[in-house]
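Visitor: I would like to learn how to read a protein model feature by feature. Could you take me through this one?

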Amino acid sequence: MEEYHSKKVEGFEVTTETFETPVVSNISFPLPANVMIPDATSLQCAYELFKTFKQLFSDLILSIPDIKNSQSYFQKVQFEEAFKVIEIKLGFMYDVFYTKAYYVYSGTGGLLRSISFSCTVIVLLVFMIKIDRKAYEIQDRKITYVLLSGAIILEIYSVLLLLKSDWSMLWLSKHKNVMAILLYKAISFIPLFNGNKRWSNTMGQYNLITYCLKHKAARCGAVQRFLFHYEMSEKNRHQQREGVSEDLKKLVFEQLLEKSKSASDLKACKELCGCRGDRVLRNAAKCPDCINKEKLAKQKHESVAAVEREFDHQVTENAKCIYEISEENRKMLQESVEVEFDQSILLWHIATDLCYYSDQQNSTGTNAVDNDSNCKVSKLLSDYMIYLLVMRPIMLPNGIEQIRFQDTCAEAIEFFQERKSICEEESQACIKLLEVNTEISPSIVKGDRSKSVLFDGCRLAKSLKCPEPQKKWELLCHVWVEILCFAATKCRWNHHAQQLRRGGELFTHLWLLMAHLGITEQFQISKGHARAMLVVH
């Protein structure tokens with residue numbers, strides 16, 4: 001600015017021209033020197049990305065080159081490799097937050113641990129050789145031997161754990177010499193350390209209908225209420241854990257990969273992060289019949305609705321796409337993703353359960369429901385989101401989720417108790433819910449005092465029954481992935497970090513994977529490296 005001002009004062013005519021340097025991926029992942037180490041390539045890539053993306057856990061922003069570098073890597077790998085790299089990175093972050101890894105794996109840390117171990121062994125030897133046995137009773141000597149021996153065993157165990165950690169494997173993968181090879185072979189021969197589980201690889205499950213059907217007064221309820229443990233114990237009593245399946249990882253990664261192609265700038269990223277099902281409904285593929293209708297409407301210069309009225313074609317079941325169902329049902333689908341977020345989760349959870357058990361009852365022969373990967377993933381994600389809403393509400397956007405959940409449960413429990421003899425299983429309960437006449441909006445019938453969405457979920461389920469099963473479960477799966485992605489991006493980094501000490505959450509893995517694919521709001525540099533040039537005339 002000073003140079004510009006001085007030239008103007010001197011009487012020159014000064015103009016400015018700006019030009020941007022193109023942003024290209026320039027990161028290079030070093031190849032491992034020692035390929036004997038398992039996951040050597042993944043460890044090298046994870047560590048290189050860890051050095052940059054650890055900024056996400058301190059509320060710092062990323063630059064466009066950071067995003068481009070990670071995108072170039074994750075868009076080329078398979079889903080197994082992508083999730084493995086994320087697991088390793090989160091393991092590094094856990095060590096940074098909750099251990100002294102940076103000091104332990106340094107030269108100083110190794111020296112201090114050697115001194116500590118040597119001192120303990122020396123003390124034991126001195127006690128065995130120099131101590132006057134007559135000066136102390138035998139019980140005291142035994143206790144001392146046990147304590148010193150236990151300290152040595154714990155030191156040896158901790159050293160073995162360090163040698164098997166990802167940090168040690170990373171170091172060994174960078175060195176190919178006799179010492180590194182012998183050390184790795186020695187570690188591999190220890191049966192205790194053959195498995196290296198980086199996280200629980202499970203996801204919590206919580207089902208509203210199951211909870212309401214099995215809702216019984218807990219034993220010692222009065223005591224628990226007095227100790228203020230009743231609500232927590234009731235929640236814990238009904239939660240379950242399920243393994244994160246390969247089908248789920250594959251479907252999630254494929255959808256995120258497709259989204260990342262649209263993450264071109266900050267505005268596009270904000271739009272992608274702000275979608276919670278509406279993008280899926282808006283971009284749903286059209287069947288050939290709907291495409292032909294559009295072409296015919298263009299030829300006749302009429303609207304698609306007019307052409308539909310002319311052919312009187314309104315599909316009520318086995319529709320090939322959502323554009324074949326009635327406008328009222330499409331409107332209901334759209335409104336379900338525009339309401340408050342916690343309400344949307346409960347609506348789609350109830351609808352998913354009703355569709356699942358309805359299809360399960362209607363399927364004949366081989367259970368087509370359990371063989372459909374989209375169906376299984378939808379059910380898992382549906383119960384997982386309710387688990388987060390009930391057990392981890394702090395990780396979701398602010399709302400009245402607890403009030404809405406309690407009101408919905410209260411209405412469901414009342415409904416099932418009135419039909420106790422015919423609503424003993426989940427499938428029977430869901431069929432009875434679907435039989436309820438919901439032509440009139442429940443809010444009109446009961447007002448807005450109760451925040452229950454039980455019968456609103458029934459209405460949504462009936463709208464979802466219009467498309468054919470394959471299209472329906474594909475739609476449900478995509479909506480649930482988008483809902484999960486929305487929630488993950490809105491969760492603060494410190495809440496993600498807290499889950500690392502609890503075995504990890506799929507939620508956190510998804511958040512970090514999205515950031516690596518460029519689907520994040522945590523970078524504010526909307527343009528590349530711009531340069532200004534003064535032109536003096």
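This is a predicted model: local features need pLDDT of at least 70, side-chain atom pairs count only at pLDDT 80 or more; totals for chains, interfaces and linings use all residues.

Visitor: Which way do the residues of strand S2 point, and are they buried or exposed?

Guide: The general idea is that side chains in a regular strand alternate between the two faces of the sheet. In strand S2 (residues 202-205), Thr202 and Gly204 point one way, while Met203 and Gln205 point the other way. All of them are buried.

Visitor: How many bridges join S2 to strand S3?

Guide: Four bridges join S2 to S3 (residues 240-243), and the two strands run antiparallel. If you look at Gly204, you will find it opposite Arg241 in S3.

Visitor: Could we step back for the overall picture?

Guide: Of course. The protein chain has 28 helices and four strands. It has 537 residues, of which 45% count as buried. Among its contacts with a separation of 6 or more, 78% come from residues 24 or more positions apart.

Visitor: How should I read a positive phi?

Guide: Most residues other than glycine have a negative phi. Here Asp39 has a positive phi, near 60°. Asp39 sits in the loop between strand S1 (14-21) and helix H2 (40-53), and at 28% relative accessibility it counts as partly exposed. Another case is Asn201, with phi near 55°. Asn201 belongs to the loop between helix H9 (178-188) and S2, and is partly exposed with a relative accessible area of 26%.

Visitor: Now for charges. How many salt bridges are there?

Guide: The general idea is that side chains of opposite charge can pair when their charged atoms come close. The cut-off is a side-chain nitrogen of Lys or Arg within 4 Å of a carboxyl oxygen of Asp or Glu. By this rule there are 15 salt bridges. One of them pairs Arg404 with Glu340, with the closest N and O atoms 3.1 Å apart. Arg404 belongs to helix H22 (residues 401-418) and Glu340 to the loop between helix H18 (327-336) and helix H19 (341-362), so this pair ties together parts that are 64 residues apart in sequence.

Visitor: What does Lys472 pair with?

Guide: Lys472 forms a salt bridge with Asp359, and their closest N and O atoms are 2.7 Å apart. Since Lys472 lies in helix H26 (residues 469-490) and Asp359 in helix H19, the pair ties together parts that are 113 residues apart in sequence. Both Lys472 and Asp359 are buried.

Visitor: Where do Asp383 and Lys379 lie?

Guide: Both lie in helix H21 (residues 373-391), four residues apart, about one turn of the helix. Asp383 is buried at 7% relative accessible area, and Lys379 is buried at 12%. Salt bridges with shared partners also join Asp39, Lys84, Asp166 and Arg198 into one network.

Visitor: At what angle do helices H13 and H26 cross?

Guide: Angles of 65 to 115 degrees count as roughly perpendicular. The axes of H13 (residues 246-260) and H26 cross at roughly 70° and come within 11 Å, so these helices are roughly perpendicular to each other. On the H13 side the contact includes Leu251 and Val252, and on the H26 side Cys477 and His478 are among the residues involved. By class, this contact has six nonpolar, two polar and two charged residues.

Visitor: One more, please. How many residues of helix H28 are buried?

Guide: In H28 (residues 506-516), 11 of the 11 residues are buried, so the helix is largely enclosed by the rest of the structure. The buried residues include Phe507, Trp511 and Met514. After H28 comes Gly518, with a positive phi near 85°.

Notes:
Residues are numbered from 1 along each chain as its sequence is written. Side-chain values use heavy atoms; hydrogens and water are left out. Buried means under 20% relative accessible area, exposed over 50%, partly exposed in between (1.4 Å probe, protein chains only). Axes are lines fitted to C-alpha atoms, for helices over the stretch in contact, and angles run from 0 to 180 degrees between N-to-C directions. Angles under 35 degrees count as roughly parallel, over 145 as roughly antiparallel, 65 to 115 as roughly perpendicular and the rest as oblique. Contact means heavy atoms within 4.5 Å. Ala, Val, Leu, Ile, Met, Phe, Trp, Tyr, Cys and Pro count as nonpolar, Asp, Glu, Lys and Arg as charged, and the others, Gly among them, as polar. Two strands pair if DSSP finds at least two bridges between them.
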